[in-house]
Structures are given as structure tokens and as C-alpha cells.
Amino acid sequence: MTNTNNPLAAPYIDAGNNMKTGGLSDAVVATSSLPQAAVVQQSLARCLESPTFLDAFYERFLGSHQAIRQKFAHTDMARQKQLLKRALLVALMYADTAVSNTLITERVNLLKDSHNTAKLRIEPWMYDTWLDSLVRTVADTDTLYSPYIGECWRKCMSVTIEYLRGEQH
Ligand code: HEM
């Protein structure tokens, strides 16, 4: 990934090289248990080049159901968008065992904790809406979008979603 404007593209690749291989060849990274992750990483980079991607996602997600909109009634949405930008990458890395590690797992555990508090209490069905909103927004934004790319997003994000909405750890 050569796009220096995108802060997320390079760290993912660096993380892959540093965390998993510990200096071994790139061929080890290529044995990712989740080949769809590379497709999603590139799609995410293209989406984040669009200044409206995160706005469009939250507009769609919050507009999908009143119960979802209510959850964000007191949220600073500008801050939320920046946090989501990072969390999408974390979710992707978590799904891909080739780059996932203790640090990533801790970050996902924090997400799980925050989304399961009595204050937030995210209901399980809301994760399906979240994913639908995300994939539809990717479809509108990614200039190279295809149904296959959409399926890659679903496959990768589902790993993290199933963990987030599972039993408390
Ligand atoms: C894989 C799916 C999701 C990811 C990656 C994600 C990511 C995040 C992140 C990074 C934050 C801010 C940090 C934190 O509070 O932990 C956050 C907060 C929040 N998320 Fe999610 N989220 C997901 C699913 C959902 C769903 C399904 C809902 C349902 C409504 C939701 C509602 C919220 C709310 C209400 C907040 C708190 C906003 C506040 O602090 O006011 N999230 N999420």
C-alpha cells in the first residue's frame, strides 16, 4: 500500500510483518487464515479516501432504527467517527489470525466491555444492522466495489461481531 494519506494502510502491513513473523519472510504473512482480510484492507483504504464515508455510515446506521439512534443521543459524533476509523482496522486484524495478537485482543475486549455495559446495552440484532449499514456504505463508496468485496467484509467483520455479542468473557 503506497497511499501515505491513509494512516491505516501501512500499519496493518507493518503489524503483519512485525507481530506475526517476527522477522520471517513475507511468505508467512501470505498464509493468512483469512485471505479475505487483504481484500477488506484495500477496500477500507479506498473508502477512507472518501471524506464522506464515515458520515454516510453513521447516517445510514442511525437512520435504520429509532432504537439505534437513541443509543447515540448523547454521543459526540465527530469523536465517534474517529474512534470507528481505528476500530474497523482493529476488527479486521482481530479476524485475521495472521496479524492478531494480544494487543489486538485486548482492544477488542475493551470494545466488548464498553458495548455490554448497563449504560449502552447493545442488543444482539443491532450488530446485524451495523454490518448491513457498513457493507451498503462500502458499496456506495468503494470505487472498485463488487459483490465479492461485500462478502469479504461480511466474513471478516462477522468474526469480531460474533465475539462482541457473545457471552461476556
Ligand atoms: C463491530 C461492531 C462495532 C464496532 C467496531 C464499534 C466500535 C465502537 C467504538 C470504537 C466506540 C468508541 C469506544 C468505545 O466506547 O468502546 C463505540 C462506541 C459506541 N458504540 Fe459501537 N461499535 C460496534 C457496534 C455497535 C453497535 C451494533 C451499536 C448499536 C447501537 C453500537 C453503539 C455504540 C454506542 C452507543 C457507543 C457509545 C457512544 C458514546 O460513548 O456516547 N456499536 N463503538
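Modeller: In what follows, Ala, Val, Leu, Ile, Met, Phe, Trp, Tyr, Cys and Pro count as nonpolar, Asp, Glu, Lys and Arg as charged, and the others, Gly among them, as polar. By that division, the shell around the ligand holds 14 nonpolar residues, 6 polar and 1 charged. The model is a predicted one, in which local features need pLDDT of at least 70 and side-chain atom pairs count only at pLDDT 80 or more, while totals for chains, interfaces and linings use all residues. Residues are numbered from 1 along each chain as its sequence is written.

Of the 21 residues around the ligand, those that come nearest are K71, T75, A87, S114 and W130; a residue is near if its C-beta atom, placed from the backbone, lies within 6 Å of the molecule. Two or more shell residues come from each of helix 5 (66-71), helix 6 (77-95), helix 7 (102-115), helix 8 (124-141) and helix 9 (147-164). Helices here are DSSP runs (H or I, at least four residues), numbered from the N terminus. Helix 6 gives the most to the shell, with 5 residues.

As for confidence, pLDDT is the predictor's confidence in each residue, from 0 to 100. Its mean over the protein is 84, and 79% of the residues reach 70 or more. Where pLDDT is low, the predicted coordinates should not be read in detail.
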